[in-house]
Structures are given as structure tokens and as C-alpha cells.
Amino acid sequence: MALKEIIEITNLLCQALQRQSQDILNALRLVASTKLLLQKIKDERWDSFLAHVKSFCLERNIDIPDLSSSYFSRGARARNEHSDHTLEHHYRVHIFIKAINCQLMELDHRINDSSMELLHLSTTLDPKSSNEPFRTGDVCQLLEKFYPEDFNETEINLLKM
């Protein structure tokens, strides 16, 4: 259930970001809320996910291993090694959390802090925000940080005035 939710959440974000009518500010909110949802699933949903998996197995007469037993990795060398981890730890950390972390890392890679800042600063240029006060400081910061070769210091100072 949780892994399906993870995929559904990120798929909804991808679909929303691909809509051409999507405004920048809404896209920023979608990215932030998607990250928060994934983090919440990672932090709070293991128990409900495990209960769902157990229910699925019981309905289909699938044997459920003792999750409190020690986990042993597969392979010839691993058979002789003793593990301090339980099966539950292995499934939670190495599968459940790892899947969520992969999604979060992908979002961070594709939409990093610099991209988020660029999008945020660009919202001041959005004609939809014409009823809001013009944020000259954001425009100047946008020019100085992301377009330093396109505007000289004199032009930026004129804009500040």
C-alpha cells in the first residue's frame, strides 16, 4: 500500500508539473508538499504498511515469516555470518525506507534548492501576481544570482531605484 502511494504521489506531481497552464508558485507548492508527504510516509507509516502486507498474506494463505528472527543475507559467504538485524529491520530499512529515499533523492536531484530559488524569484515576474506589490529586491537578486553576465552593475542599480 505505501509503495503504491509513493508512486501515486510522485506520479501526480509529475503530471501536474507537465501541465503547461501550471503557474510557478503552484508548482513550488506541489514539490514541497510531495516531499513532505513522502517524508511523512517514511516516518509514520511503517506499521500500517506492515499490517496491510500481513493482511494481504493472510487473505491469500501466504506464510508470514517471523519478523523478529535474525536476518541472514543470501550467498555462500553470508551463510557463515551472524546478523544483528531482524527481518523486520531489513524490510523496513533496506526496502521500505530505501524506496522512499530514492524518490526523495530523485526530486532533490531534479528540483534542487537552486532551481527552487530560481522559480521562487521568478514568480515576481508572473503577470498573475500583478495585484501584489512588485518585489524589486527579488528581481535584483534574480539578476545578480542567475543572470550576472546579462546585466551590469549600473543596470541593476537603476532597477533598485
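This note sets out points on the fold, the surface and two local sites of the structure above.

1. Basis. The model is predicted; local features require pLDDT of at least 70 and side-chain atom pairs pLDDT 80 or more, while totals for chains, interfaces and linings use all residues. Residues are numbered from 1 along each chain as its sequence is written, and side-chain values use heavy atoms, with hydrogens and water left out.

2. Fold. The protein chain contains seven helices and zero strands. Helices (H or I, at least four residues) and strands (E, at least two) are DSSP runs, numbered from the N terminus. Among contacts (heavy atoms within 4.5 Å) with a separation of 6 or more, 53% join residues 24 or more positions apart.

3. Surface. Of the 161 residues, 26% count as buried. Buried means under 20% relative accessible area, exposed over 50%, and partly exposed in between.

4. Helix α6. This helix spans residues 136-146, and its buried residues are Asp138, Val139, Cys140, Leu142 and Leu143. Their cover includes α5 (113-122) and α7 (153-160).

5. Asp108 and Lys35. Asp108 belongs to helix α4 (residues 87-110) and is partly exposed, at a relative accessible area of 40%. Its side chain makes a polar contact with the side chain of Lys35 at 2.7 Å. Such a contact is a pair of N or O atoms within 3.5 Å; within protein, one must be able to donate a hydrogen and the other to accept it, and residues adjacent in sequence count only if both atoms are side-chain atoms. Asp108 and Lys35 are 73 residues apart along the chain, with 9.0 Å between their C-alpha atoms.

Note on methods: Buried means under 20% relative accessible area, exposed over 50%, partly exposed in between (1.4 Å probe, protein chains only).
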